[in-house]
Amino acid sequence: MKNNYPKEALKIKLDDKSKSLRKLCVETLESGKRAHLGSAMSILEILSVAYYDFLNISPNNFNDINRDRFILSKGHGCLALYVILADLGFFNKSYLKKFCHPDSILGGHPEYKKINGVEASTGALGHGLPIGIGMAISSKINKIDNNILVLLGDGEQNEGSIWESALSASKHQLDNLIVLIDYNKIQSYGFVKDVLNLEPLSSKWESFGFNVHEVNGHDKKQIKDALNSTKNLNQKPNAIICHTIKGKGFKFAENNPNWHHKSNLSEEEINLLYEAIR
Amino acid sequence: MRKACLSSIYKQAKKNNKIIFIGSDLGPGVLDDFKNEFPNRFFMEGVSEQFIIGMSAGLAFDGFLPYINTISTFLTRRCLEQIIVDLCMHNLPVKLIGNGGGLVYAPLGPTHQAVDDIALMRSIPNMSIVAPCDAHEMEALIEKSVNWPHPLYVRIAKGGDKIISDKFQTFDIGKSITYKESSNAVILSTGIMTQKALEIINELSNEGIDIGLIHLHTVTPLDHKKIDEVIKNVEHIFTLEEHFIVNGFGTSILEYCNNNFQEYSNKIYRFALPFHFPDQYGNQETLINHMGLDNEKIKNDIKQKIGNA
């Protein structure tokens, strides 16, 4: 790795908003006693910038065909999505207290139509990008000037359908497509470099015909600048590689593969999480 | 039948600007008229079937009506998860047009032979399955498919099949067509096996044996009203399909009757392909016969079952 983004991502201090969203995540997790916490913490700042500063999506325009789209292709990171959608009023925050309960709208992966604000059900990996490309093509046919954002996990890029999609996005010159890559470098079994190395990741996406940006995925300004720089570039689709930290914000979970997914969380573990964000 | 199918899609696309055609890597010149007239609604995406299913879902979310066409096994086998997650979980109106249903691709071997497509598609909630018996029926199906609000799998048989359907017959997805009634015995068939069933009942009629024939072009959703009537009133029921005996059309009839009319379900006998990968090449007809669905054998079995042997 030649850049300093991973080090900077580890070092950067979280602002109050990031901390309060993390607290909401822990409250949600507490109600379900399980979650892909590490996977949600690496994307919280990316989603924050997307939803609060960039996307033209709100509870009021959610059925408007002109709206922007966001697809969480790595559906297991849904804790981050849920707290932001609740915070923005897509559904009542009280639903967060029923995460994974039998009658809940919020499961371990986001479901279309159950949750206002979710564009497509995801969970099985490698599905969000093809769907997002269909939406991007739709906008081109309808001559709608909007942004289609798809957030991929790094392990998700093991799927062949991602690279089928990348070929097509380039062929159709989908400059309205922004692929956000959560490069936290840890997948379920362990480190990405050991399971199925993605490097050189940046030049891979470049060679598939994308404009590629790299950012510290917990630095909101960098993320925002990268998103804003994708407009009207050169008829190419865009990829933003966000160097992130799995478990960011919880020291003991940071870069720790054991925090990819946790179930049957004890009261003690939950208290540790609360203490960590105080 | 394939030509009729594609030209019908083109015809409907002229009337409805939401219709989109997506092929994988079809033969040169396929639907050139469509491509020339509506270039922004014609896509040839290469050998990337999994991607194509997701892409079609994205288009359907925005109100488009995608028709996807490629070889049946490349859709139903390779893309099973994409069909389940992207199309059926979202219940989107995407049409999958599968070339080579059954043993059409006999000379190309078992990678291309769609003998499990109905089994795969019928196990997915929200999926509908239609296997027309000829080109006329295919045209009627495509017209009706435009407003069908669910995922739909269309099984195409080979080109140049003879025409047996009555063009004045009303066609509705989910509604069977009765060719001949009989209270003694009836064949329920789907796809081009209805052509074979027609030959069989005519040949048996010449021997003085009265057998009815009902064509169920729609495997899912089944025409329950018609099956309810048949299971109660007909003494012997035979199903006929160009598909594995496991989990196909006959199984769906058997399951439905066993759940709802248990006292009658032993009336049903299924003609289908044995449950092993096809082990010969040749052509569709020779392979069908080799796998046990030759007319003489079927006739003899029917005669034996109804006691006319």
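Let's start with polar contacts between the two chains. Chain A and chain B have 11 residue pairs in polar contact, with both residues of a pair at pLDDT 80 or more. Keep in mind that this is a predicted model.

Which helices of chain A supply at least two residues each to the side that touches chain B? They are α6, residues 128-141, and α7, residues 160-171. Of these, α6(A) gives the most to that side, with eight residues. By class, the side of chain A that touches chain B has 11 nonpolar residues, nine polar ones and four charged ones.

Now the extent of the interface. In contact terms, 24 residues of chain A meet 24 residues of chain B. The two chains bury about 1900 Å² between them. Carbon and sulfur atoms account for 60% of that area. Which residues of chain A lose the most area to chain B? A:His127, A:Ile141 and A:Glu164 do. Together they make up 29% of what the chain A side buries.

Next, charges across the interface. How many salt bridges run between chain A and chain B? The count is two. One of them pairs B:Glu45 with A:Lys171, at 3.2 Å from N to O. Another salt bridge joins A:Arg69 to B:Asp62, and here the closest N and O atoms are 2.7 Å apart. This pair also crosses between chains. A:Arg69 sits in strand β1 of chain A, residues 69-72. B:Asp62 sits in a chain B loop, between α3 (49-61) and β3 (65-71). Buried or exposed? A:Arg69 is buried, and B:Asp62 is buried as well.

Over all chains, the count comes to 30 salt bridges. Let me pick out a few within the chains.

Take B:Arg78 and B:Glu49. Their side chains meet in a salt bridge, 3.7 Å from N to O. B:Glu49 is buried, because its relative accessible area is 4%, and the cut-off for buried is under 20%.

Now B:Lys299 and B:Glu203. This salt bridge is 2.5 Å, N to O. B:Lys299 is in helix α12 of chain B, residues 295-306, and B:Glu203 is in helix α8 of chain B, residues 193-206, so this pair ties together parts that are 96 residues apart in sequence. B:Lys299 is buried, with a relative accessible area of 6%, whereas B:Glu203 is partly exposed, at 28%.

Over in chain A, A:Lys17, A:Asp87 and A:Lys93 form one network, joined by salt bridges that share partners.

Last topic: a helix in chain A. Helix α11 of chain A covers residues 267-276, and its buried residues include A:Ile270, A:Leu273 and A:Tyr274. Why do these residues lie on the same side of α11(A)? Because they cover an arc of only 100° around the axis. The spacing fits a general rule. An α-helix has 3.6 residues a turn, so residues three or four places apart point the same way. And what covers the buried residues of α11(A)? Among the elements that do are α2 (16-32) and α3 (37-41) of chain A.

Terms used. Residues are numbered from 1 along each chain as its sequence is written. Chains are lettered from A and ligands numbered from 1 in the order in which they are written. This is a predicted model: local features need pLDDT of at least 70, side-chain atom pairs count only at pLDDT 80 or more; totals for chains, interfaces and linings use all residues. Side-chain values use heavy atoms; hydrogens and water are left out. Contact means heavy atoms within 4.5 Å. Buried area is the accessible area (1.4 Å probe) that two parts lose on being put together, summed over both. A salt bridge is a side-chain nitrogen of Lys or Arg within 4 Å of a carboxyl oxygen of Asp or Glu. A polar contact is a pair of N or O atoms within 3.5 Å; within protein, one must be able to donate a hydrogen and the other to accept it, and residues adjacent in sequence count only if both atoms are side-chain atoms. Helices (H or I, at least four residues) and strands (E, at least two) are DSSP runs, numbered from the N terminus. Ala, Val, Leu, Ile, Met, Phe, Trp, Tyr, Cys and Pro count as nonpolar, Asp, Glu, Lys and Arg as charged, and the others, Gly among them, as polar. Buried means under 20% relative accessible area, exposed over 50%, partly exposed in between (1.4 Å probe, protein chains only). The arc is that of the directions from the helix axis to the C-beta atoms.
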